[in-house]
Amino acid sequence: MMNDAGGALAGAVIEPELAAIAAICSGTVKYMEEAGRRYVHMVGLRFLVRGADQQMDALLCLDYPNGTYPTKLYLPANLGLGLNWNETAFILAKNWFTWSWSGVSPNQPPLAILGGHLEAFR
């Protein structure tokens, strides 16, 4: 079975604005909310880190309450790479790590927000 974006999961209903993200994930992609914040939860997000393939779950916060950091990408591990991994958070019953990466506007589609954060790994 395939999801709407051609990914590995079948039968999943994908929000239209998340279809492009679902195409680069091996599992479900869906909106979730906790403590008044909206997230995109991605299972098996595939991305490049310094040119090497990586795959892991990820959590994209679309409305972080900080003007300098209005969006954040959380990963299940600190990838190092000389980035300032300055925050750990317990969100949606799981520990997540994020790094200091500012200026990714929430006023754009989720795929563009995700891409803005993944720029840190180029």
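The mean pLDDT of the protein is 90, and 90% of its residues reach 70 or more; pLDDT is the predictor's confidence in each residue, from 0 to 100. The model is predicted: local features need pLDDT of at least 70, side-chain atom pairs count only at pLDDT 80 or more, and totals for chains, interfaces and linings use all residues. Residues are numbered from 1 along each chain as its sequence is written, and side-chain values use heavy atoms, with hydrogens and water left out.

**Confidence**

- Over residues 1-8, pLDDT stays under 50.
- For that stretch the model has 24 contacts beyond four places in sequence, a contact being heavy atoms within 4.5 Å.
- Where pLDDT is low, the predicted coordinates should not be read in detail.

- Helices (H or I, at least four residues) and strands (E, at least two) are DSSP runs, numbered from the N terminus.
- Two strands pair if DSSP finds at least two bridges between them.
- Four strands form an open sheet in the order 1-2-3-4, with antiparallel pairing.
- Strand 1 and strand 4 are at the edges with a single partner strand each, so one side of each has no neighbour in the sheet.
- On average, neighbouring strands of this sheet are turned by 35° against each other, direction ignored; axes are lines fitted to C-alpha atoms, for helices over the stretch in contact, and angles run from 0 to 180 degrees between N-to-C directions.

**Hairpins**

- Strand 1 (residues 29-34) pairs with strand 2 (residues 37-49) in the antiparallel sense over six bridges, and Tyr-31 stands opposite Val-40 in strand 2.
- Two residues lie between strand 1 and strand 2 in their hairpin, where Ala-35 has a positive phi near 50°.
- Strand 2 also pairs with strand 3 (residues 52-61), in the antiparallel sense and over nine bridges.
- Tyr-39 stands opposite Cys-61 in strand 3, while Val-49 has Ala-52 as its bridge partner in strand 3.
- The hairpin of strand 2 and strand 3 has two residues between the strands, and Arg-50 takes a positive phi near 50° there.

**Helix 2**

- The buried residues of helix 2 (residues 110-118) are Pro-110, Ile-113, Leu-114, His-117 and Leu-118; buried means under 20% relative accessible area, exposed over 50%, and partly exposed in between (1.4 Å probe, protein chains only).
- These residues lie on the same side of helix 2, because they cover an arc of only 135° around the axis; the arc is that of the directions from the helix axis to the C-beta atoms.
- They pack against helix 1 (19-22), strand 1, strand 2, strand 3 and strand 4 (72-74).

**Glu-87**

- Glu-87 lies in strand 5 (residues 87-91) and counts as buried because its relative accessibility is 17%.
- Its side chain makes a polar contact of 2.5 Å with that of Lys-72 and one of 3.1 Å with that of Tyr-74.
- A polar contact is a pair of N or O atoms within 3.5 Å; within protein, one must be able to donate a hydrogen and the other to accept it, and residues adjacent in sequence count only if both atoms are side-chain atoms.
- Leaving aside residues up to four places away in sequence, Glu-87 touches Tyr-64, Lys-72, Tyr-74, Trp-96, Phe-97 and Thr-98.

**Leu-92**

- Leu-92 sits in the loop between strand 5 and strand 6 (94-98), and at 23% relative accessibility Leu-92 counts as partly exposed.
- Beyond four places in sequence, Leu-92 touches Met-32, Glu-33, Glu-34, Tyr-39 and Leu-59.
- Between the C-alpha atoms of Leu-92 and Gly-51, which are 41 residues apart along the chain, the separation is 30 Å.
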